[in-house]
Amino acid sequence: MTTTEASLPPGERIRLYRRRMGLTQEQCAQLKGCTVSAWRKWESGERQVASFSDWIEIARILRVRDLYRLTGLPVGDMPEGPGEHDTVPAIRAAMVSFNPRLTGEPNVRGLGEAVETAWDIWQERRPFQQVGMMLPGLITEARATIPLVDGPERGDLLRTASMLYFLTRAFTTRVGAHDVSMLSADRAMAAAIKADDLDYRAAAAWNVGMILTGQGHSEVVAELAADAAAMLEPTLADATPQRMSVYGALHLLRATQFARMGDEHGAAKALEVAEQVAEKVGERNDFRTVFGPTNVGIYRVWLAVELSKPREAIRAAQHCDVSALPSVERRFSYFVDLARAYNIRGEDVAVVHMLQRAERESPEELRLNVGSRAIVCEQLRRENSLTRSELRPLADRMGVLSH
């Protein structure tokens, strides 16, 4: 490695090796299966490469055999989430069990209450281990009960099953078990269709979109959200607040996809619709989407960061008070998004402060979140006397500090 290369940050190294290969950003994005916008942000340093597997694929595309030459980071310092969460194997087994068995008589109401309780625990306290241990039993009970129930209770049971699979998708996405997430999202949609409930179908489309978003399928998700929203539109004149909030959540989902595709106008229009709906319905949590004016504000911050406008993100955050939100995840994501904005601007003390705020919301999620780990790795690379005393203990607690 030359002296010049050694001084380059990871993004500039990606650009250097891409140019040596004679490839355009568009060609590399196509080979990687990501958007051109994402590749450009990796090169500019506006977004960190989030995982070890992504670094491996980028190295393959650029034909760089030594990852250290490409990243400038020892392998132990590279952003990578922990291994599979220890509750996932039992959740996966419950999802695919060939013959789930019910102990005792079917209890549709009791199952519904148990699923609501699990959701409350997940959103309000975020104990990963507890919720992960609850899910296998709930999934087994739901799967075993559905064939046994007919009549008026069946619709309620299918709605409960759909919400249970929403929760399973949310949990397994956060711990990186994406195979289970996709299966859960599909099961939620199937249950909603069987229940013949328009609101649940629309919410299930939002749920599917959330898992596909993490896999980079922006165009597919944008179309899915648009189709689901269009399905609701003829009924909006006298729609319930519940239906309106789902409609608003779908537009927030559309806004994120437009941003990821670099369509700033489309993102602004979708966000405007969501904001108008939020003003009408107020703060709600239908289908656990936490839709309302505050969540729209959080998305406004995220969109500004995604569109490479960190100053605008920080300014938008001044009008966003997340303290009363019922969802730990939404509060956590807000502080991580602000950390991203400050990181782009090179305001390192503020980055560490925002990550500490996120840690107070959910220490376990911070350890599991590969985006946060990538920010910390970047901060460690450029640590200084102002950040070292708080950054290093934070990195140690997150498990990304080299010893």
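Me: Which residues does His85 touch, leaving out those up to four places away in sequence?

Reply: In this predicted model, His85 touches Phe128, Gln129, Phe171, Val175 and Glu364, once residues up to four places away in sequence are set aside.

Me: And where does His85 sit, and is it buried or exposed?

Reply: His85 lies in the loop between α6 (67-71) and α7 (88-96), and it counts as buried because its relative accessibility is 9%, with the cut-off for buried being under 20%.

Me: What polar contacts does the His85 side chain make?

Reply: The side chain of His85 makes a polar contact of 2.9 Å with the side chain of Thr87, and a polar contact of 3.3 Å joins the side chains of His85 and Glu364; Glu364 is also in the list of residues that His85 touches.

Me: Stepping back, how many helices and strands does the protein have?

Reply: The protein has 22 helices and zero strands. Its radius of gyration is 22 Å, close to the 22 Å that the globule rule gives for 403 residues, so the protein is as compact as a globular protein of that length. Taken along the principal axes, the C-alpha atoms fill a box of roughly 75 × 45 × 40 Å.

Me: What about the largest nonpolar core, which residues have the most contacts inside it?

Reply: The largest nonpolar core has 78 residues, and those with the most contacts inside it are Leu250 and Phe291. A second, separate core of 36 residues includes Ala317, Cys320, Val336 and Tyr342.

Me: What does Phe291 touch?

Reply: Not counting residues up to four places away in sequence, the residues that Phe291 touches include Ala249, Leu252, Val277, Val281 and Val296, and also Glu283 and Arg284.

Me: Changing topic to α18, how far does it reach, and how many of its residues are buried?

Reply: Helix α18 (residues 328-345) has 18 residues and reaches 26 Å from its first C-alpha to its last, close to the 26 Å expected at 1.5 Å a residue. The helix is mostly covered, with 16 of its 18 residues buried.

Me: What is found at the ends of α18?

Reply: At the start of α18, a side-chain oxygen of Ser327 reaches to within 3.3 Å of the backbone nitrogen of Glu329, while just after the helix Gly346 takes a positive phi of about 75°.

Me: Which residues other than glycine have a positive phi?

Reply: Arg126 is one of them, with a positive phi of about 65°, and Ser308 is another, with phi near 65°.

Terms used:
Residues are numbered from 1 along each chain as its sequence is written. This is a predicted model: local features need pLDDT of at least 70, side-chain atom pairs count only at pLDDT 80 or more; totals for chains, interfaces and linings use all residues. Side-chain values use heavy atoms; hydrogens and water are left out. Helices (H or I, at least four residues) and strands (E, at least two) are DSSP runs, numbered from the N terminus. Buried means under 20% relative accessible area, exposed over 50%, partly exposed in between (1.4 Å probe, protein chains only). A polar contact is a pair of N or O atoms within 3.5 Å; within protein, one must be able to donate a hydrogen and the other to accept it, and residues adjacent in sequence count only if both atoms are side-chain atoms. Contact means heavy atoms within 4.5 Å. The expected span of a helix is 1.5 Å times one less than its number of residues. A nonpolar core is a set of buried Ala, Val, Leu, Ile, Met, Phe, Trp, Tyr and Cys residues joined through side-chain atoms within 4.5 Å. The radius of gyration is taken over C-alpha atoms; the globule rule is 2.2 Å times the number of residues to the power 0.38.
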